[in-house]
Amino acid sequence: MTTFPLLAVLLPFLAAFAGLLLPRLLHRRGPAAEPGGVAGARANTRAAWIAVLPTAASAVLAVWLAWGPGFAFLNGEGTSSLTGRTYGTIVTGGVPISLTLQADDLSGVLGVLVTLVALAVQIYSIGYLRDDPRYPSYSAFISLFTSAMLLVVYAGDLLVLYVGWEIMGLCSYLLIGHWWEDRGNSRAAVKAFLVTRLGDVGFLFGIFVLGMAAGSFRVADVLAKVPEMSPATLVTATMLLLAGVAGKSAQVPLHTWLPDAMAGPTPISALIHAATMVAAGIFIVARLFPAFLAARPTLDVLAVVAALGMLGAALAALAQDDLKRVLAYSTVSQLAYMAGGLAAGSDTSAVFHLVTHGAFKALLFLCAGVVIHHAGSNLMSQMGGLRRELPVTFAAMTIGFAALMGLPPASGFFSKDSLLVAMDGALATGGLTDAAALLLHACALATVAVTGAYATRAWLRTFFGEAKPAALPEPAPGTAHVVTGREAPRSMLVPVALLAVPALLLGFAVEPHLAPGVAATSVVLALLGAGAVYAFWRIDPAADPARLLGPFRVPCERAFYVDGLYAALLVRPVMVLARLVVSTDDHVVDGAVRGSGRSARGLSGALRFAQNGNVQLYVSGLLAGVLLIVVGAVVFA
Amino acid sequence: MMGWLPVALLAVPLVGALLLLLAPHALRPRLRAYGLVLSGVTLALAVLMVAVFDYAGAARPQFEVDQPWIAGLGLRFHLGVDGISLPLVALTALLTFLCFVYLCWGRERAGEQLMRARPRALVFTLLVLEVGMIGTFLALDLLLFFVFFEVVLIPMYFLIAIWGGEGRGAASAKFILYTLLGSVVMLLGLLLVWAQTGTLDIEALAAAHGAGMARSVQILAFVAIGVGLAVKTPMWPLHTWLPDAHTEAPTVGSVLLAGVLLKMGTYGFARIAIPILPDGAAAVAPWLGALAVVGIVYGALACLAQRDLKRMIAYSSVGHMGFVLLGFATLTPVGVNGALFANVAHGLITGLLFFLAGAVKDRYHTADMPSLGGGMLATLPRLGSLLTFASIASLGLPGLAGFWGEMLALFGAFQPANVLPRPLFLTYMVIGGLGAVLTAAYFLVMLSRVTHGRPQRPARPAARVLQEVGGPPPAVPDDVAGPPPAVLDDVGRPPGDVRTHELLAWTPLVVLILLFGLWPGLLLSLTTPAVLTLLGVAS
């Protein structure tokens with residue numbers, strides 16, 4: 001049992017290596033690079049087995065690990081039993097790194113979420129990328145992604161956690177850029193890696209501060225030393241950690257990579273948005289929650305960031321035409337909810353929402369994948385009336401949207417309610433400064449309404465109204481966009497159906513502590529938003545209900561021009577600087593070197609006049625020298 | 001005990017090189033096998049050394065040989081290895097052997113361009129180079145160190161000047177003049193130490209920790225020795241010989257230059273400058289740190305705007321060596337450990353990168369990125385994947401070797417030695433961290449340009465450098481004249497993906513990058529005791 005965390009991490013890790021090497025090694029004998037050929041199909045089948053089995057085994061291990069504590073963490077019963085062990089220590093000459101992998105009640109819950117969603121995504125991908133010649137590497141990267149996230153979840157040492165944290169950045173880069181033939185996808189992948197890495201630098205420094213103050217990088221030691229640390233240390237450390245959290249969990253101001261990350265295949269979006277990557281940021285705050293609670297300025301910053309992020313992203317989601325981008329902005333908004341819950345002092349409700357969100361967002365993305373697969377386009381303006389053609393998907397996606405809006409009895413209702421209760425309570429208990437608490441609560445309520453609006457809009461525009469003529473199949477860059485006119489293959493529908501169950505029912509797994517007033521308010525607000533969109537849609541089903549935003553529509557659609565701002569403030573200056581450095585290097589630094597070489601040659605050229613082979617000159621020089629010496633000797637003697 | 005081992009490490013390549021002079025005709029038909037066997041034997045000796053090394057005593061030199069050499073001057077032939085030099089000796093033997101594998105494996109195919117032109121001279125040059133490199137890491141006498149340090153220059157000069165690219169003349173002249181000039185300054189520093197203490201024995205000097213030298217003398221000596229080492233490292237702003245030398249050098253030259261020669265500079269800091277002159281180090285360290293972080297950011301920015309692949313990798317060395325120097329400048333065990341780790345990691349990773357760049361150049365006959373045109377993952381998937389792997393290792397991804405050194409160097413800067421100003425080093429740490437982001441940026445932009453995108457007929461090398469990063473991909477005019485350069489290689493076949501000799505030469509590097517990345521303790525447990533001793537923390 002103590003080796004289960006290690007095994008859970010190692011299995012997908014080894015699967016990643018096997019998946020990268022084995023199908024290709026065996027592949028080599030056949031005619032290479034033959035998409036859809038027999039050899040390619042066989043390699044894909046092998047890769048699918050290599051990918052699915054270890055992930056399934058990891059899921060079993062994770063469930064086993066979570067079996068004991070169960071949902072104790074979400075119910076607020078802090079059990080502190082640790083399952084795991086330390087596999088040695090790495091000396092560094094200073095604070096050592098201990099290779100500890102362990103599971104407690106928090107990581108137990110997260111581990112189950114990660115492995116189950118990853119398993120669903122792996123199975124779904126078999127159908128989604130059936131004819132893709134690069135499916136083996138794709139599934140191997142998903143395995144690596146799963147392994148890295150599990151490393152974050154089970155790590156008992158902050159630097160070990162950081163390793164998993166960064167490898168996730170790499171996997172997101174590789175997977176978002178899966179269809180790298182298109183330069184746009186490649187750019188999105190680079191952006192995802194760089195933006196998150198910018199935050200990760202802060203995160204690493206935050207780890208340094210905590211590790212140095214505690215004299216150890218072990219999570220348990222750090223948390224034990226929190227009461228002894230000075231407020232300045234704690235605020236510095238948590239603020240720096242927050243940079244990493246903002247990067248990974250796509251919070252303002254580092255959220256810009258997430259909507260672009262939609263360039264990747266849809267199952268990847270499900271994986272990134274539900275189980276891995278973005279969940280890591282919320283998880284790490286919950287993991288180090290005592291340190292954050294002791295640093296109140298950090299919580300205020302977190303509250304403001306969350307408040308701005310949740311409302312802004314929800315408004316942006318309301319104006320998008322791309323179905324996946326709607327869901328992407330919705331993720332930013334929902335993650336801001338969780339961050340708000342953490343700022344309000346409730347890590348249990350934040351993790352609860354993280355889990356339910358993981359279930360329903362994975363469901364929504366996988367359904368969106370089916371829809372996109374079917375319609376051959378990401379754009380909602382090219383969809384409509386799909387409920388008759390895709391009945392299963394329609395039902396599942398309805399559950400997903402209901403959970404997203406927070407309508408009972410779907411899981412999102414319960415978790416969102418507990419978050420709102422926490423934010424409501426933050427005003428009273430004074431964990432935050434009043435202004436921050438007010439802003440947070442107001443934005444959270446407004447966001448509930450906007451969430452209702454954008455979810456309804458996406459639902460209506462996808463499944464209702466006139467059926468649009470099927471768009472032409474998009475030939476490139478992906479090979480997954482195949483129009484068949486039927487429901488998706490079973491490998492895609494089974495994960496969808498299985499995910500619909502927790503998305504609907506997960507709320508009942510936790511002891512309900514509902515506040516009737518808050519619950520009623522949020523449901524009414526969500527229905528108000530939904531109703532407004534419905535009214536606009538009824539007036540003209542063909543037109544986009546986003547027009548209710550009026551003049552704000554364009555800024556919302558552009559996500560308030562943040563991307564353009566960063567391009568103007570950061571990207572272009574760096575590029576100008578880079579060119580400046582190159583020309584400086586050539587003309588100034590190297591110029592000095594070449595110049596000294598040239599001047600040496602010039603000097604030697606001057607000296608050469610004296611060495612021109614003219615004997616008379618030499619003799620005259622010699623005589624002149626003798627004369628000078630004689631005169632000098634006579635004068636000074 | 002086992003004192004013959006370091007001598008044998010030097011003797012095998014040296015005797016091998018001399019035999020080439022004595023019996024040229026007998027060996028000519030078997031040159032490939034000859035080079036492989038000799039470097040293989042040297043590698044086997046290095047592996048034997050790694051195997052029988054007493055890891056409990058990694059802090060002290062082992063396998064010591066101490067014989068009088070020039071009695072009149074008090075020079076001694078003093079060799080030995082400890083935890084600091086052992087990895088570098090092994091790295092040198094490994095990289096040299098892999099270079100021979102790259103050149104000599106197989107028949108009539110591999111490393112064509114190089115082994116066709118004056119093959120005997122090439123094998124001779126590489127063997128002499130190996131003697132100098134291994135000797136530098138083994139020497140425990142200041143002048144002996146200097147002798148080996150200089151021995152390396154001559155074969156490297158010929159390697160660039162004879163087998164190099166178009167601009168090899170200027171590049172090789174710049175290389176040798178620049179580094180010789182640095183060496184002269186270093187020699188003055190070494191002589192100053194000798195004059196003050198009366199001994200050249202590195203072990204004794206390091207144990208004395210600067211006793212017997214006034215602070216001002218130490219500073220002067222540190223600056224003099226430091227300048228010599230910094231030229232070799234190279235430290236900004238003394239780096240401009242490097243891009244030219246790398247760009248013009250043949251593949252094996254680049255690999256050894258980046259993989260081993262640069263390490264000799266940084267090794268000098270760990271072996272000589274810091275332990276022998278602690279007060280001088282403490283006084284100069286803030287400046288060293290400043291130049292190091294300037295190098296990190298400057299190198300990264302320079303890479304961002306490069307269009308030549310080899311030149312870009314060369315500039316990336318400036319940035320990576322900046323991390324190494326920053327680690328040394330902190331004067332803490334963590335920082336020095338990080339520097340030594342980054343040293344070895346850089347040797348493996350950049351060695352691999354230069355191998356790959358050479359392979360790209362072999363196939364496309366250019367390393368100009370706009371001319372390569374993108375889509376390498378489609379045309380040469382294995383080469384493209386390896387390039388991706390090496391780039392990601394080089395940008396310091398945790399789990400691969402490049403990360404730990406940089407992380408520890410930054411951690412050292414977070415809490416530098418007590419004599420150093422902490423706020424200054426915190427600033428360095430932040431700048432270094434941002435430099436790491438820029439490092440990621442230029443590698444990913446490079447990958448995006450070269451490996452991503454649709455394979456297209458490469459455009460004419462036009463005057464657009466950074467267009468593709470921001471805007472839409474520029475359309476390729478349909479009227480590009482002439483066949484694309486990537487269609488045929490010089491034997492008249494389409495460019496193949498990774499070949500056997502390449503795979504053999506690269507696989508060990510890939511495996512080691514993974515191994516040190518996943519289990520950094522392998523290297524850190526070796527260097528830590530030695531580092532603690534040299535900093536005087538545990539003696």
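Strands β1 and β2 of chain A run antiparallel, and six bridges join them. β1(A) covers residues 83-90, and β2(A) covers residues 97-103. Together they form a hairpin with six residues between the strands. Gly93(A) sits in that turn, with a positive phi of about 90°. Ile90(A) has Ile97(A) as its partner in β2(A). Thr86(A) is partnered by Thr100(A). Is β2(A) mostly covered or mostly open? β2(A) is mostly covered, with five of its seven residues buried.

This is a predicted model. The predictor gives the complex an ipTM of 0.88 and a pTM of 0.89.

Step back now to the whole of chain A. Its secondary structure comes to 23 helices and two strands. The chain has 637 residues, and 58% of them count as buried. Its C-alpha atoms fill a box of roughly 120 × 65 × 55 Å along the principal axes.

One stretch of chain A carries a database annotation. An unreviewed UniProt entry lists residues 155-422 as "domain: NADH:quinone oxidoreductase/Mrp antiporter transmembrane". In the model, residues 155-422 of chain A are 77% helix and 0% strand.

A separate domain assignment divides part of chain A in another way. Domain 1 takes in residues 295-463 and 489-534, and domain 2 takes in residues 583-636. How far apart do the C-alpha centres of these two domains lie? They lie 82 Å apart.

A single residue gives a second view along the chain. Leu514(A) lies in the loop between α19 (490-505) and α20 (516-539) of chain A. Why does Leu514(A) count as partly exposed? Leu514(A) has 15 C-beta neighbours inside 10 Å, so it counts as partly exposed. Leave aside the neighbours within four places in sequence, and Leu514(A) is in contact with Asp417(A) and Ala519(A). Ser583(A) is another matter. Leu514(A) and Ser583(A) are 69 residues apart in sequence, and their C-alpha atoms are 65 Å apart in space.

Next comes the contact between the chains. Chain B brings 44 residues to it, and chain A brings 38 residues. On the side of chain B that touches chain A, several helices supply at least two residues each. Among them are α14 (278-304), α16 (333-364), α20 (401-414) and α24 (521-534) of chain B. Which helix gives the most to this side of chain B? It is α21(B), with nine residues. That helix spans residues 422-450 of chain B. What kinds of residue make up this side of chain B? They divide into 30 nonpolar, 13 polar and one charged.

How confident is the predictor about chain B? The mean pLDDT of chain B is 85, and 90% of its residues reach 70 or more. Residues 458-493 of chain B stand apart, with pLDDT below 50. Beyond near neighbours in sequence, this stretch has 46 contacts in the model. Part of the touching side also falls in this region of the numbering: α22 (467-470) of chain B supplies at least two of its residues.

Conventions
Residues are numbered from 1 along each chain as its sequence is written. Chains are lettered from A and ligands numbered from 1 in the order in which they are written. This is a predicted model: local features need pLDDT of at least 70, side-chain atom pairs count only at pLDDT 80 or more; totals for chains, interfaces and linings use all residues. pLDDT is the predictor's confidence in each residue, from 0 to 100. Two residues are in contact if their C-beta atoms, placed from the backbone, lie within 7 Å. Helices (H or I, at least four residues) and strands (E, at least two) are DSSP runs, numbered from the N terminus. A residue is buried if 20 or more other C-beta atoms lie within 10 Å of its own, exposed if 12 or fewer, and partly exposed in between; C-beta atoms are placed from the backbone. Ala, Val, Leu, Ile, Met, Phe, Trp, Tyr, Cys and Pro count as nonpolar, Asp, Glu, Lys and Arg as charged, and the others, Gly among them, as polar. Domain bounds come from an automatic or database domain assignment. Two strands pair if DSSP finds at least two bridges between them. UniProt positions are given in the numbering used here, feature names are shortened, and annotations may be inferred rather than shown by experiment.
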